[in-house]
Amino acid sequence: MGAAGSARPAVAADPAATGISTGLVEPVRWAFRVDPAAGGDGRAAACRGAVDARAGAAVIETILPAGVAGAELFTDPPELKPYPGEEGLLSAGAVDKRRREFVGARHCARQALAELGEPPAAILRGERGMPVFPKGVVGSLTHCDGYRAAALGHTLAVRSVGIDAEPHGPLPDGVLGEVSLRAEREELADNSGEWHLDRLLFCAKEATYKAWFPLTRRWLGFEDALITFDLTAHTFHSELLVPGGVLDGGPPLREFHGRWTIRDGLILTAIVVT
Ligand SMILES: CC(C)(COP(=O)(O)OP(=O)(O)OC[C@H]1O[C@@H](n2cnc3c(N)ncnc32)[C@H](O)[C@@H]1OP(=O)(O)O)[C@@H](O)C(=O)NCCC(=O)NCCS
């Protein structure tokens, strides 16, 4: 990352362009800002995406709908520190790796807050580790080696967000059987190719949990959602196999629709619940 601490925001800098900070929150629309299938098949587009990312487009942006702000970091600016109020959330013995991912993802969250027209704030930790954003905002954080990201939306337009990042490589031996349903393994077997779909499945499941938990405050096991992919459209569907009663007064959860991308050795998944 060049400029100190400047996570790349994924929403246009002009707040008026989002219609959000004016209070006139646009309905969230699923529409690729970058169509991964444009001009060829998805795999070729994934390769082009690597070039796009280097050229400055945020990768997370490509799988978030308009009206949801995302930001990401590929390196850890050394000057980043916990925001006031966040230091106590890190255990005294937190190793450097944990400290950097914690601070980096929260820095991204503040970049996304700014894009939503919101002031900077501490991003706290709630029940079972869920991130807690300022009033009126929901979102999700992720971090893996070489990547940190946040995606946030206003509660007027978005009920929940779940994002996840994973290295694009195979799952360790024995893990797939622990985190998948038989139907999912069959789908994967039918679609073997250059993509590590086992890891993509895992990534989609973790995004599912992150979108689910803040609305329900209940555990969701890997066997509790059936994930199916559209490998051409770069979408996935999470069918929730357990009752989806929620705490936000909205309709119960039955399914999620998500987007995914594979670029620069990275798998990203995103679910935005409206
Ligand atoms: C919580 C979990 C999803 C985090 O995923 P991960 O790949 O290990 O880690 P990531 O870096 O992508 O994400 C970490 C962030 O997730 C967020 N998170 C943690 N617990 C969360 C929860 N209960 N709800 C929502 N978000 C949560 C936090 O923001 C955390 O970052 P932080 O600790 O710096 O605040 C994972 O550890 C887990 O427990 N999975 C089991 C549940 C599951 O995935 N079920 C599948 C349902 S189909």
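H234 sits in the loop between β8 and β9 (235–240), in what is a predicted model. This residue has a positive phi of about 60° although it is not a glycine. H234 counts as buried because 21 other C-beta atoms lie within 10 Å, and the cut-off for that label is 20 or more.

**The fold as a whole**

- Six helices and eleven strands make up the secondary structure of the protein.
- The protein has 274 residues, and buried ones account for 42% of them.

**Around the ligand**

- The ligand is surrounded by 24 residues, and the closest are G129, M130, T142, Y209 and F213.
- By class, this shell holds twelve nonpolar, seven charged and five polar residues.
- At least two shell residues come from each of α3, β5 (137–144), β7 (160–167) and α6 (197–216).
- The biggest share of the shell belongs to α6, which gives seven residues.
- Both domains take part: domain 1 (34–164) and domain 2 (169–261) each supply at least three residues of the shell around the ligand.

**The largest nonpolar core**

- This core has 59 residues, and the members that touch the most others are A112, A149, A150, A151, L152, V161 and L268.
- Here too α6 gives the most, with eleven residues of the core.
- Domain 1 (34–164) and domain 2 (169–261) each contribute at least three residues to this core.

- Which length should α6 span, at 1.5 Å a residue? Its 20 residues should span 28 Å, and the end C-alpha atoms are 28 Å apart, which agrees.
- Helix α6 is largely enclosed by the rest of the structure, because 18 of its 20 residues are buried.
- R217 follows α6 and lies in the loop between α6 and β8.
- Although R217 is not a glycine, its phi is positive, at about 55°.
- With 14 C-beta neighbours inside 10 Å, E223 counts as partly exposed.
- Across space, E223 pairs up with L240: the two are 17 residues apart in sequence, and their C-alpha atoms are 9.5 Å apart.

**Helix α3**

- Helix α3 (residues 96–115) has 20 residues, so at 1.5 Å a residue the helix should span 28 Å; its end C-alpha atoms are 29 Å apart, which agrees.
- Is α3 mostly covered or mostly open? The helix is mostly covered, as 14 of its 20 residues are buried.
- After α3 comes G117, with a positive phi near 85°.

**G139 in strand β5**

- G139 is found in strand β5, one of the elements that supply at least two residues of the shell around the ligand.
- How many other C-beta atoms lie within 10 Å of G139? There are 30, so G139 is buried.
- Leaving aside neighbours within four places in sequence, G139 is in contact with A109, A112, P131, F133, A150, A151, L152, G153 and V161.
- Several of those partners return from the core: A112, A150, A151, L152 and V161 are among the members that touch the most others there.
- G139 and K210 are 71 residues apart in sequence, yet 9.2 Å apart in space, C-alpha to C-alpha.

**T261 in strand β10**

- T261 belongs to strand β10 (residues 255–263).
- T261 counts as buried, with 25 C-beta neighbours inside 10 Å.
- T261 and T235 are 26 residues apart in sequence, and their C-alpha atoms are 8.7 Å apart in space.

Conventions:
Residues are numbered from 1 along each chain as its sequence is written. This is a predicted model: local features need pLDDT of at least 70, side-chain atom pairs count only at pLDDT 80 or more; totals for chains, interfaces and linings use all residues. Helices (H or I, at least four residues) and strands (E, at least two) are DSSP runs, numbered from the N terminus. The expected span of a helix is 1.5 Å times one less than its number of residues. A residue is buried if 20 or more other C-beta atoms lie within 10 Å of its own, exposed if 12 or fewer, and partly exposed in between; C-beta atoms are placed from the backbone. A residue is near a molecule or strand if its C-beta atom, placed from the backbone, lies within 6 Å of it. Ala, Val, Leu, Ile, Met, Phe, Trp, Tyr, Cys and Pro count as nonpolar, Asp, Glu, Lys and Arg as charged, and the others, Gly among them, as polar. Domain bounds come from an automatic or database domain assignment. A nonpolar core is a set of buried Ala, Val, Leu, Ile, Met, Phe, Trp, Tyr and Cys residues joined through C-beta atoms within 7 Å. Two residues are in contact if their C-beta atoms, placed from the backbone, lie within 7 Å.
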